Amino acid sequence: MMKIEFAGPAGSGKSTLVNLLSEDTLRISQVRMPTTDNMGDMPFFLWSFVKFLPTYLAFPKNGDRKLTRRELAWLMIVNNWPHRLMRLSNGTMQALIIDQGPVFLITSLYCFGPSWLQRPEIETFWQSVFAKWAQTLDMIVLLDASNECLYQRIIGRSKSHIMKGEESSAVYQFLDRWRAGYNEILERFSQLSPCPRVFRIDSGMVPIDRISRLIKMEIINFNNEYEQTS
């Protein structure tokens, strides 16, 4: 079964595409990441914290700032969720899809988290995280568009966003930072073997329904190739 994450800057169409693909309920299933505000996910976080505690205690204690509670939860997800995601696989579905999953979390933590998360003494942890997800994800779909296109989508939609109401120059800078962050993380994935295939799509140029059809074809081809080699 193919496991795909949809990532990209704000306004690039991730949620719209995931919702469209999720309508094919017989073949495609959307996976929700654990959240700390869901009581049903508490067993995962308790188990993850116990497993993660020795690693956490070895982290540097000084730096520009401490981890937030959300960032600590994200670290537990990127470190421990691959095992749980692999267990979700079953023979009735052709693909599991994730809207802003581990790639988004890793980018948030590594590129926008406390600066000490990029220190050399943390590198062993990150190597382990990248290796786990390189073996878990089969494809990363990176959606993007021009800054002007993304800006218009952000200010025009009803969904709230941290940059909504900001000047266009500030939004462009925000988008460029995230774009650079995603590129840095995907470059690290590309250095691993096996590594997920990266499918880059300009959602400002390609209609969302056509993107959906392209992704469905990728899913079919992946499963056909898997059946032929298994």
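1. I140 stands opposite V198 in β5. The strands concerned, β4 (residues 139–144) and β5, pair in the parallel sense over 6 bridges; pairing requires that DSSP find at least two bridges between two strands. Helices (H or I, at least four residues) and strands (E, at least two) are DSSP runs, numbered from the N terminus.

2. This is a predicted model, in which local features need pLDDT of at least 70, side-chain atom pairs count only at pLDDT 80 or more, and totals for chains, interfaces and linings use all residues. Residues are numbered from 1 along each chain as its sequence is written, and side-chain values use heavy atoms, with hydrogens and water left out.

3. The open sheet has 5 strands in the order β2-β3-β1-β4-β5, with parallel pairing. β2 (28–30) and β5 (197–202) stand at the edges with a single partner strand each, so one side of each lacks a neighbour in the sheet.

4. In helix α1 (residues 14–22), the residues K14, L17, V18, L21 and S22 are buried (under 20% relative accessible area, 1.4 Å probe, protein chains only). They lie on the same side of α1, because they cover an arc of only 135 degrees around the axis, taken from the directions from the helix axis to the C-beta atoms. Their cover includes β1, β2, β3 (95–99), β4 and α8 (208–229).

5. S48, in helix α2 (residues 42–57), counts as buried because its relative accessibility is 0%. Not counting residues up to four places away in sequence, S48 touches M76 and N80 (heavy atoms within 4.5 Å).

Methods
Buried means under 20% relative accessible area, exposed over 50%, partly exposed in between (1.4 Å probe, protein chains only).
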